[in-house]
Amino acid sequence: MIGLFGSLNMSARSLSAQQQATEVIGNNLANVNNPAYAREQLVLQASVPLETPQGEEGTGVDAVSIQEFRNAFLDGQISNQTSVTGSLTSQQSALQEAETYLDEQVQNSSAANTPAGSENGIAHALDALFNGFQTVAEPGSGLPERQTLVSTAQGLASKFNQVSTELGSVRDSLNQSIQADVASSNQDLKDIAQLNLEIATATATGGTANSLVDARQAKLEDLASKTNITTSTEANGAVDVSIGGVTMVSGFANSDQMEAYDAGGGQFLVRAQSAGTNLALTGGSIAGSISARDGELTDLQNSLNTLASNLITQVNAIYTQGFGPGGVTGGSFFTGTDASDISVSSDLAADPTIFQGSGSATAAGDNSTVAALGALGHQNITGLQNQTFSGSYATTVTSLGNAIANVTDQLGNSQSVAQMLGNQRSSISGVNTDEEMTNLISYQKAYQASAQLISTINQMLETVLTMKTV
Amino acid sequence: MFTNNFLPNLNTLEQTQNQLQGQASSGLNMTLPEDNPLTMGKVLNLQSEVDANTQYQQNITQLTSSATDVSNILSSLQPLIAQASTIAVGAGNLATQGNLPNAASDVGSLVKQILALANSKDAKGNYIFGGTQNDQPPFVATTDADNNITGVTYQGNTSVLSSEIAPNLSMSAQIPGGNTTGTGPQGLLLDSRSGTDVFSHLIALQQNLSSGNLSAITSTDIPAISADDDHVISQMSGNGVVQSALESASNSTTLQGTALSGQISTATSADLAQTLTKLSQTQTAYQAAMQSGVLIMQLSILQYIH
């Protein structure tokens, strides 16, 4: 028997345990809206029993530890999915920006209020150029038609220049994102190494470090949103982190860091700073930025450059053989080499009367050269994979649209998976107010019962003392 | 966990609602390439055809205007040749009446009128019958002391301006004033293949009338001028064919333009009945989601603990 004083002591320990349990519940409720928090529970254990002739007699309850509800597998899955989502989000954002700059939309035309292609894009400007050649080829065309043609061609060249510059700015912004994400990732790696140390220190003496583990998991997921990571947990609770096969955090040491470097031409790639090896990133916003920049965005820029380059070559090849007033020949209609620098010849821009539209040095009314330029619009060009200029551009726009649609689909799927994983984790680690309140009542009642026990034992002690007095 | 699902679902419904509302207000089922890449590619190609079609229509209008100019001149010119032919045929009677000098003078006047018509300009100031050498009068006359035209030479060329009226299909409404090369389009007043030489034949007639050389008129001038008249009538007929072809091309181009715009419309127009039904369904789902969400979120065990 533990006796009345033993019972009193048991009740006091019970009061303490129930109170601590309510404190844990209070902490859970306080963190109900903290996404990084994992639900905690006070683990209670029956105290060491007392052997009596009648058998084993319980001696109350002890609070053993505060347990955190975390599933390492789900945490890992969520980190992986965060990498996938981060990569796709980054790609989608960059490609949609490029799409905006192309300015090709279906809209209701201002003239007829019927659906039509955009009047601001390269497609319309290309059509306008060839129509301009055709107009100059018409009988009786004169200076006004030539001035309009030159102005239209300048508009097309400006559109090419503008889109090329804007796509360049998307690349610049992706390069800046890569640098910023690398800097932020390095900070995460440093924090994770520090947290490893703190967690190991706290748990070395048998304690728990739940809030530190929460903080570390949040850092790991933040890091995963920027790059794909591989993690492994050491016996002391430290988490090692590898990126692209290079160990970045080993125990308490931030053994290596990521470094963004210019691989030439402003193309930023990522390598391990100490190891010096290029990191083959497959997930996260850094990989997404690199993928968008070196994939679809580069394809888009190359397509536009090829289109502009062929336009310059084909138009000039015909134009240079034409004749202007006074039999002048040999000039160029366009100058430049690609979309970035295509421009109407400065001489022609300054004086449209010198336009070499005639096929004859002496026949002022000949239109064979300009008619041939007009016919270029519906001719298949070898350098454009046997497509017309407009057809080739339409293919480019379609490719970009497909790329965005694919990324958007994948992103939708990835977000669904992330949501499902999040739900699974919530069901384990999330704080449920109803559950906490129910538990609170249980602990409250237990506390009341223990208090009542003290009161009862107190009365019993008084009885005993009264007996002694009597 | 409830809010984890509730908010994304609300967002999805709101996005769908916005998208459908946009479709209903614009009448378009897509806007950006990413909405429907394949259709966007089609629209760009169709729009390019629409733009080209508009240009072809403009070319046809311009060619029709040129053909009308030519037709008007031919309508004035042919009766002058016919009149000369009539004078030639009636030369015998005129001789009897002693009117040959007057007749010669009349023919001289006809030559001058025909020369004026042959050197006509269009509205832009270009010579209509000079071929592509249209910046100078195509026919140049030499005159004697009495200001009679004694010879006319053609200084235009035999090329004609042509414009596209459809992909790879060009047409011209122009007729060169002369062509003695034996190739290319026939000349109007001077043509080696048909033997037409209106000015030479009329000047010969004028000279034969002046000299009273009736036999030459009968044997040479009358057949030659008659053949010239036939040639000009044949050119008028050719011009009529060109105008008819242009009218037909214009109708066809207009129909094609309508069809192309229709294809763009079909590919991109929203089915309003379907869109509005979906919008209504989505709105109902959105309202239901919000209402039920609020009800569920308000439920708490705290309400039952006292």
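Predicted model: local features only at pLDDT ≥ 70, side-chain atom pairs only at ≥ 80, totals over all residues.
Strands (E, at least two residues) and helices (H or I, at least four) are DSSP runs numbered from the N terminus, and two strands are taken to pair if DSSP finds at least two bridges between them. Strand 6 (residues 190–191) of chain B is joined to strand 7 of chain B by two bridges in the antiparallel sense; B:Leu190 has B:Asp197 of strand 7 as its bridge partner.

Residues are numbered from 1 along each chain as its sequence is written, and chains are lettered from A and ligands numbered from 1 in the order in which they are written. Local features need pLDDT of at least 70 and side-chain atom pairs count only at pLDDT 80 or more, whereas totals for chains, interfaces and linings use all residues.

Chain B also contains a hairpin of strand 1 and strand 2. Strand 1 (residues 139–143) and strand 2 (residues 149–154) of chain B pair in the antiparallel sense over five bridges, and B:Ala141 is bridged to B:Val152 in strand 2. Five residues lie between the strands of the hairpin, and B:Asn147 takes a positive phi near 65 degrees. Helix 1 (residues 2–26) of chain B has 25 residues and spans 36 Å from its first C-alpha to its last, close to the expected 36 Å at 1.5 Å a residue; the expected span is 1.5 Å times one less than the number of residues. B:Gly27, which follows helix 1 of chain B, has a positive phi near 80 degrees.

Chain A has 11 helices and 13 strands. Its radius of gyration is 38 Å, well over the 23 Å that the globule rule gives for 470 residues, so chain A is more spread out than a compact globule. The radius is taken over C-alpha atoms, and the rule is 2.2 Å times the number of residues to the power 0.38. Along the principal axes, the C-alpha atoms of chain A fill a box of roughly 145 × 55 × 30 Å. Buried residues (20 or more other C-beta atoms within 10 Å of the residue's own, with C-beta atoms placed from the backbone) make up 41% of the 470 residues in chain A.

An open, antiparallel sheet of three strands in chain A has the order 7-8-9. Strand 7 (230–233) and strand 9 (246–249) of chain A each have a single partner strand, so one side of each is left without a neighbour in the sheet. Neighbouring strands of this sheet are turned by 30 degrees against each other on average, direction ignored. Four bridges join strand 7 of chain A to strand 8 (residues 239–243) of chain A, with A:Asp240 in strand 8 as the bridge partner of A:Ser232. Helix 4 (residues 143–204) of chain A lies across strand 8 and strand 9 of chain A, at about 65 degrees to strand 9. Axes are lines fitted to C-alpha atoms, for helices over the stretch in contact, and angles run from 0 to 180 degrees between N-to-C directions.

Between the chains, 54 residues of chain A are in contact with 52 residues of chain B, contact being defined as C-beta atoms, placed from the backbone, within 7 Å. Helix 10 of chain A gives the largest share of the side of chain A that touches chain B, 18 residues.

Methods:
Buried ≥ 20, exposed ≤ 12 C-beta atoms within 10 Å, placed from the backbone. Contact = placed C-beta atoms within 7 Å.
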